[in-house]
Amino acid sequence: MQFTGCGTALVTPFCRDRSLDEKTLRSLVRRQIDAGVHFLVPCGTTGESPALTREEHLRVVEITIQECGGRLPVLAGAGGYNTAEVMEFVGAIAKLGADGILSVTPYYNKPTQEGYYRHFAAVAEAVDLPIILYNIPGRTGSNILPETIARLAEIPTIVGIKEATGSMDQASQVAALCNLTILSGDDSLTLPLLSIGGQGVVSVVGNIVPRDMKALITAFEAGRLSEAQEWHRRLFPLCRDMLGVATNPIPIKAAMQLLGRAPGELRLPLCALDGAGEERVLSTLQQYGLTRGAQ
């Protein structure tokens with residue numbers, strides 16, 4: 001199963017009482033399918049996976065799979081800092097019919113590079129699905145180095161990495177050392193990453209402009225560099241503010257509520273933007289030309 005092109009990191013919608021909003025989730029998945037994205041990623045960072053119960057996490061993945069109905073591959077988020085629990089959890093997700101696993105590097109306990117290798121080797125042994133590593137030091141507190149990534153690339157089921165270090169040097173090292181599929185974990189760096197051999201993005205702004213993110217990648221892959229650059233320049237302010245106003249997914253959920261796509265409820269410890277932050281998001285949406293019902 002190939003995970004390339006435009007993938008959307010789905011938000012997890014909640015009702016006013018903060019329970020899972022299954023009806024809205026189904027509509028969000030259908031909207032992504034209609035937009036023609038290449039794959040979907042439920043229960044990642046954007047999906048507030050740390051705030052979901054195990055049962056809710058599995059339910060979100062299950063609903064996404066049901067709504068996709070085989071039309072799009074589902075790359076389900078499943079990571080953590082307890083290797084044994086992650087091994088058991090990816091097995092449960094595999095039974096639901098997910099097409100692959102996006103697994104974040106263990107956070108808080110800050111393993112050594114050898115610890116990273118053993119963790120992911122154990123996870124790969126536990127499930128017969130393609131695994132995409134997810135390296136995001138800004139959230140996990142430590143960085144899995146290119147040399148360790150290259151070692152992990154020798155494991156047949158580890159097929160890619162979501163690169164969210166913000167370092168083009170590190171991404172370039174990974175590209176030079178192994179043949180993993182490299183996916184951008186930062187919307188604003190998608191085009192630069194494609195230029196050094198990246199093959200797609202796991203997009204946050206894809207929740208509101210999936211067609212535009214797909215258009216950027218399609219233009220680049222077709223060799224229409226000027227068109228891809230135009231999309232990059234157009235998308236950049238939107239990407240910046242959806243990730244820069246506050247911690248993801250706070251701004252994207254505010255944007256989706258302003259656009260009438262989904263409720264903006266979050267679960268603590270995340271909380272809604274203040275008035276100034278919401279005004280900034282609204283201004284960015286308006287400057288992009290987004291209004292209720294757009295895309």
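User: Buried means under 20% relative accessible area, exposed over 50%, and partly exposed in between (1.4 Å probe, protein chains only); so is Phe-3 buried or exposed?

Analyst: Phe-3 is buried, at 3% relative accessible area. Phe-39 is buried too, at 0%. This is a predicted model, where local features need pLDDT of at least 70, side-chain atom pairs need 80 or more, and totals for chains, interfaces and linings use all residues. Residues are numbered from 1 along each chain as its sequence is written, and side-chain values use heavy atoms, without hydrogens or water.

User: How many aromatic pairs are there?

Analyst: Two. Rings of Phe, Tyr and Trp (its six-membered ring) pair if their centres lie within 6.5 Å; planes under 30 degrees apart are stacked, over 60 edge-to-face, the rest tilted. Phe-3 and Phe-39 are edge-to-face, since their centres are 5.7 Å apart and their planes at 80°. Phe-3 sits in the segment before β1 and Phe-39 in strand β2, so the pair ties together parts 36 residues apart in sequence.

User: And which residues form the other pair?

Analyst: Tyr-81 and Tyr-107, also edge-to-face, with 5.1 Å between centres and 90° between planes. Tyr-81 is in the loop between β3 and α3 (83–96), Tyr-107 in the loop between β4 and α4. Tyr-81 is partly exposed at 47%, and Tyr-107 is partly exposed at 29%.

User: New topic: what order do the sheet's strands have?

Analyst: The open sheet runs β2-β1-β8-β7-β6-β5-β4-β3, with parallel pairing. Its edge strands are β2 (39–41) and β3 (75–77). Helices (H or I, at least four residues) and strands (E, at least two) are DSSP runs, numbered from the N terminus; two strands pair if DSSP finds at least two bridges between them.
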